[in-house]
Amino acid sequence: AIPKLKELIETDDYCCLIFERAKGRTLNKIVEKSGAMKFKKVIKIGKSLAEVLQYLHCFQPPYIYRDMRPQIVRIDSTGQVKLIDIAIMREYKPDVLADTVYLGTRGYAAPEQSGGMGQTDARTDIFNLGMTMYYLVTGISPETPSFNPEPICKIDSSLPKGLEYIIGKCIELNPDNRYQNCQELIDDLNQYEFLPKPKGLFGSLGYCFLERVNKSNRNIKRQLRGLPTAAAVKRHACGLPAAATVAASEKDFTVRLLLPL
């Protein structure tokens, strides 16, 4: 999703990087023409962009993008997304208290990009991405002067609560309350149907949802890494209160764990 570098031109006065031209239309142009996107498409785009940010954050020191927004993301006819601007990306500096220059786009920028809250980090990019997904799924631009992000389900009751939870967590004002890394965000996007996680008894003990699958399929589809077999879940369930007991069949069900058992 990052354009390939085609040529590097260096002189005594400047350095010029020439990248490939990204195909397709920018996300904001698509929304301006057709309105809010289908939520499943937004989730797919969100995962793709989160994976790009995760790649940048894996460098040592990490690269912080700082300007994720619909205007700099193109999507082609195959659904592939590409960033078209990396001009304000910076290295994270562990010993620095704040950014040297405060940059970002109004509406999409996190509070710490205005200064006074420490330097930007991976959680800043997650905020930017959350605002981008908000725009894509609602069609409401955060750049408008009177913008106040309402829960997306209040805007459109047909949207899934899980996506509302994910976007809300991305755009928390306090970085400590956001996803702490992109892998956490990707994991939740992959299981948005089961969010937000329940509270109370089942939230503390953990529980399973069972989804009937084709009986001819004898292989349990593992939805999460480290998912035990249905038989193992069934054995574990014997030690839980009656209300949490799970019936599972190797042949008939896929077991999806929402919380560790």
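This is a predicted model: local features need pLDDT of at least 70, side-chain atom pairs count only at pLDDT 80 or more; totals for chains, interfaces and linings use all residues.
1. Staying with Thr-138: is the residue buried or exposed? Its relative accessible area is 14%, so Thr-138 counts as buried. Its side chain has a polar atom 2.7 Å from the backbone oxygen of Tyr-134. Once neighbours within four places in sequence are set aside, Thr-138 touches Ala-36, Ile-152 and Ile-155.

2. Now the core. The largest nonpolar core counts 46 residues, and Met-68 and Ile-166 have the most contacts inside it. Eight elements put in at least two residues each: helices H1 (27-34), H2 (39-57), H3 (122-138), H4 (152-155), H5 (161-170) and H6 (182-190), plus strands S5 (73-75) and S6 (81-83). Which of them gives the most? That would be H3, with 9 residues. As background, nonpolar side chains tend to be buried together in soluble globular proteins.

3. Ignoring neighbours within four places in sequence, its contacts are Leu-49, Leu-53, Val-73, Leu-83, Tyr-108, Asn-128, Leu-129 and Thr-132. If you have the model open, click through that list.

4. Next, H1. Its buried residues are Leu-27, Asn-28, Ile-30 and Val-31. Looking down the helix axis, these fall within an arc of 160°, so they line one face of H1. Over on the other side, Glu-32 and Lys-33 are exposed. The cover on the buried residues of H1 includes strand S3 (25-26), along with H2, S5 and H3.

5. Finally, the cysteines. How many disulfides does the structure hold? The count is 0. Take Cys-58: the closest cysteine sulfur to its own is that of Cys-182, and at 8.8 Å the two are too far apart for a bond, because a disulfide needs the sulfur atoms within 2.5 Å. Cys-58 has 57% relative accessibility, so this residue is classed as exposed. Cys-153, by contrast, is buried, since its relative accessible area is 11% and the cut-off for buried is under 20%.

Definitions and conventions
Residues are numbered from 1 along each chain as its sequence is written. Side-chain values use heavy atoms; hydrogens and water are left out. A nonpolar core is a set of buried Ala, Val, Leu, Ile, Met, Phe, Trp, Tyr and Cys residues joined through side-chain atoms within 4.5 Å. Buried means under 20% relative accessible area, exposed over 50%, partly exposed in between (1.4 Å probe, protein chains only). Helices (H or I, at least four residues) and strands (E, at least two) are DSSP runs, numbered from the N terminus. Contact means heavy atoms within 4.5 Å. A polar contact is a pair of N or O atoms within 3.5 Å; within protein, one must be able to donate a hydrogen and the other to accept it, and residues adjacent in sequence count only if both atoms are side-chain atoms. The arc is that of the directions from the helix axis to the C-beta atoms.
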